[in-house]
Amino acid sequence: IKYRCIFFFFLICISAIAQKDSDLIPFRKGDLFGYSDTNLKIIIAPAYTRADFFYNGMAQVCKGDKYGYINTKGDLIIPLIYDYNWERPAHFGNGLGLICVKQNEGGFLYGYINKSGKVVQKAELYFAENFDKGAAFVQSNAGANLLLDSNLHILKNFAQIEPVNMD
């Protein structure tokens with residue numbers, strides 16, 4: 001059973017590596033996560049309660065319920081000040097990273113930050129996706145459903161989606 005678990009772990013890692021842009025793999029030691037290379041040499045020592053894969057040279061990391069982003073050297077580029085939403089893991093795409101801020105009444109608002117740490121879209125969107133292939137779908141605080149380019153220009157404004165009456 002031990003060898004099956006190790007084999008299964010490596011299959012998952014190999015599959016994940018094929019989809020990401022870095023040779024660094026998150027690993028867990030005790031309660032903390034760090035990063036190793038594909039030869040299992042530790043590159044970034046375990047220091048985080050959660051660690052995601054690298055996208056465009058940046059990875060989302062958490063300590064407790066706050067997250068930020070590190071680069072492949074392990075430098076904390078975006079401080080650990082943002083709230084973590086388990087339903088919407090964030091990553092960098094097209095030079096922008098998704099950020100979220102928990103609201104007092106529950107729920108989250110979303111925005112974007114660039115690789116230098118500058119907030120380019122305040123966390124005031126009701127919904128936001130990670131950028132992929134130059135675009136991201138968002139819902140504004142006014143309820144507009146928009147497709148944005150990585151310069152935050154509107155590519156498409158979708159009409160409000162009305163619920164379908166199934167009666």
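Me: Which residues in the largest nonpolar core touch the most other members?

Reply: The general idea comes first. In soluble globular proteins, nonpolar side chains tend to be buried together. Here the largest nonpolar core has 23 residues, and Tyr67, Tyr69, Tyr112, Ala128 and Val138 touch the most other members. Such a core is a set of buried Ala, Val, Leu, Ile, Met, Phe, Trp, Tyr and Cys residues joined through side-chain atoms within 4.5 Å. Buried means under 20% relative accessible area, exposed over 50%, and partly exposed in between (1.4 Å probe, protein chains only). This is a predicted model: local features need pLDDT of at least 70, side-chain atom pairs count only at pLDDT 80 or more, and totals for chains, interfaces and linings use all residues. Residues are numbered from 1 along each chain as its sequence is written, and side-chain values use heavy atoms, without hydrogens or water.

Me: What does Val138 touch?

Reply: Leave out residues up to four places away in sequence, and Val138 touches Tyr112, Leu125, Phe127, Ala128, Ala144, Asn145, Leu146 and Leu148. A contact means heavy atoms within 4.5 Å.

Me: In what order do the strands of the open sheet stand?

Reply: Strands of a sheet pair through backbone hydrogen bonds, either parallel or antiparallel. In this open sheet, 4 strands run in the order S12-S13-S14-S15, with antiparallel pairing. S12 (127-128) and S15 (154-158) are the edges; each has a single partner strand, so one side of each lacks a neighbour in the sheet. Two strands pair if DSSP finds at least two bridges between them. S14 (145-149) and S15 have 4 bridges. Across that pair, Leu146 stands opposite Asn157.

Me: What is the phi of Asn56, and what is that of Leu152?

Reply: Most residues other than glycine have a negative phi. Asn56 has a positive phi, near 55 degrees. Leu152 is not a glycine either, yet its phi is about 65 degrees.

Me: Where does Asn56 lie, and where does Leu152 lie?

Reply: Asn56 lies in the loop between S4 (50-55) and S5 (58-63). Leu152 lies in the loop between S14 and S15. Asn56 is partly exposed, at 37% relative accessibility. Leu152 is partly exposed too, at 23%.

Definitions and conventions
Helix = DSSP H or I, 4+ residues; strand = E, 2+ residues; numbered from the N terminus.
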